[in-house]
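I opened the model to look up a few local features. My notes are below, in the order I took them.

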Amino acid sequence: MDITYWNKDIETMDRSAIEALQVKRLRELVDQSLKTEFYKKRLSRAGITSADDIQSLDDLRRLPFNVKDDLRQNFPTGLLAVDMRQVVRVHSSSGTTGIPTVIYLTQQDMDNWTNLIARSIVATGCCQDDVFQNMMTYGLFTGGLGLHYGAERVGMTVIPVGGGNTQRQVQIMKDFKTTVLHVTPSYLLHIHSKLENFNTEPNDLYLKKAFLGAEPYSENTCLKLEELYGIDAYNSYGLSEMNGPGVAFECVYKQDMHVWEDAYILEIIDPETGESLPDGEKGEVVLTNLVRSAMPLFRYRTRDLAFVHPEPCPCGRTHRRLSRILGRTDDMLIINGVNVFPSQIEEVVMAVPEVGTNYLIHLSKQGTLDRLTVKVEIYAKMFTGNMKELDALKKKITEKLRASITINPHVELHEPGALPHSEGKAKRVFDEREQL
Ligand code: AMP
Ligand code: ZN
């Protein structure tokens, strides 16, 4: 396999050199953090008053965790550690509670972030020959502009379409012979369900690769998309608090995502106790951004659940790999006392060949019990009028789900396009239990 690096020295650095660089940058980060009143108070409570309190990577554990609420409470400028005149970019993520979290970047921060994305893109084998169509929303969301700058730096031909307008997306893919997409997996599935309406087949397109991220999705969804379009799909992980995309990306081997450890310190913790977990064990991803001076953020609890691969990757990069995001500490559903992650349901339905490109999870109350309904779109060819066949399919999906999540779901089969879909991050869980 052909391996190309963006910055070979950094990407293949010895582990000990990576760790030494992390310590150096962590010390700078502590100094920078101490410029804000919030961190000054928080760090002094932990006994840290200067960079000299950090001598080794173990001292990271002395730093307190930060959570999304800390960012919200400091809205809008409480965590800003430079003069606003040095800030060249603002991004934000609007959570569900209304108060957004905001991040700031200086020109140097922008440059660091852009290089990380360029590095990620090159790791997938992309180059100047590629035509890159960015279907992520532009604006305050980091997925649009973040990838845009990185792709330009690689020298790809960048088409900044943004999200939505499926017909135009398909037309542009054809007109400009797009080879690479950046898109949410749910939207790429949706586009496939619409191709027929535009008299287009995947073969009429020139696609080779897709960068998929911004929302949780299963291995089976990834395989399905690769097959439907005949492409290679690369997982891309990031979050606005850590700048956005470019935190972790799959390389050509597609065996989970290299976390760029010269720029981020990755920890996996037990979400209950906060204790660090060894490589290989599943827990909450905690990240420290080492290369952003405008708004320092350390030991940020992402609420994403994953594990680290300790084994080296055949591509030669020494930066450890993070597994697919297996769920979130806060999206776990408790259904009649059983813990279920939406990702478990997705894993099952997406492996059923008759299932199309969209599904929903609906929860309601039936008396005192919870009722789980899984609504799936199935391919149009299944609606032949043969009810027996549909009943058998329903039974098959129900049984597969019961075997996986130990709960008996109600399965509904729907025609393609019948379920609501989104063009950005998908909303697939509708929980109406609280209102009853
Ligand atoms: P935002 O801050 O709006 O960019 O949202 C970041 C969140 O999106 C992360 O904390 C994850 O929960 C989710 N996310 C981003 N990329 C992925 C991915 N590749 N797989 C699963 N979830 C993702
Ligand atoms: Zn690799």
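The entries cover ground rules, aromatic rings, the ligand, and some single residues.

**Ground rules**

I am working with a predicted model: local features need pLDDT of at least 70, side-chain atom pairs count only at pLDDT 80 or more, and totals for chains, interfaces and linings use all residues. Residues are numbered from 1 along each chain as its sequence is written, chains are lettered from A and ligands numbered from 1 in the order in which they are written, and side-chain values use heavy atoms, with hydrogens and water left out.

**Aromatic rings**

I began with the rings. A pair of aromatic rings is described by the distance of the centres and the angle of the planes. My rule: rings of Phe, Tyr and Trp (its six-membered ring) pair if their centres lie within 6.5 Å; planes under 30 degrees apart are stacked, over 60 edge-to-face, and the rest tilted. How many aromatic pairs does this rule give? The count is four.

I looked at Phe132 and Phe211 next. Their ring centres are 5.9 Å apart and their planes stand at 40°, so I noted the pair as tilted. Phe132 belongs to strand β3 (residues 131-134) and Phe211 to strand β6 (residues 209-213), so this pair ties together parts 79 residues apart in sequence. I take helices (H or I, at least four residues) and strands (E, at least two) as DSSP runs, numbered from the N terminus.

Buried means under 20% relative accessible area, exposed over 50%, and partly exposed in between (1.4 Å probe, protein chains only).

Phe211 also pairs with Phe249, edge-to-face, at 5.2 Å centre to centre and 80° between the planes. Phe249 sits in strand β8 (residues 244-250) and Phe211 in strand β6, so the pair ties together parts 38 residues apart in sequence. Phe249 is buried, with a relative accessible area of 1%.

Elsewhere, I found Phe38, Tyr39 and Phe298 linked into a cluster by ring pairs.

**Charges over rings**

I then checked for charges over rings (NZ of Lys or CZ of Arg within 6 Å of the ring centre and within 35 degrees of the ring normal). The charged end of Arg301 sits over the ring of Phe65, 5.5 Å from its centre. Arg324 lies over the face of Tyr217, 4.7 Å from the ring centre.

**Ligand 1**

Which residues come nearest to ligand 1? Of the 17 residues around ligand 1, they are Asn235, Ser236, Ser240, Asp304 and Lys425. A residue counts as near if one of its heavy atoms lies within 4 Å.

Strand β7 (residues 232-239) gives the largest share of the shell, five residues.

I listed some atom distances. A side-chain N or O atom of Asn235 is 2.8 Å from a nitrogen atom of ligand 1. A backbone N or O atom of Ala214 lies 3.1 Å from a nitrogen atom of the ligand. A polar side-chain atom of Arg328 is 3.3 Å from a ligand oxygen atom. Taken alone, ligand 1 exposes 500 Å², and the protein buries 90% of that. Accessible areas come from the Shrake-Rupley method with a 1.4 Å probe; for residues, only the protein chains shown count as cover.

**Single residues**

Met257 is in strand β9 (residues 257-259) and is buried at 0% relative accessibility.

His309 is in strand β13 (residues 308-309) and is buried at 15%.

Most residues other than glycine have a negative phi, and most peptide bonds are trans. I looked for departures. The peptide bond from Phe75 to Pro76 is cis, with omega near 0°. Pro76 is in the loop between α4 (68-73) and β1 (87-93).

Asn243 has a positive phi, near 100°. Asn243 lies in the loop between β7 and β8 and is buried at 1% relative accessibility.

Thr406 has a positive phi of about 65°. Thr406 lies in the loop between α11 (387-405) and β20 (410-414) and is exposed at 57%.

Methods
A polar contact is a pair of N or O atoms within 3.5 Å; within protein, one must be able to donate a hydrogen and the other to accept it, and residues adjacent in sequence count only if both atoms are side-chain atoms.
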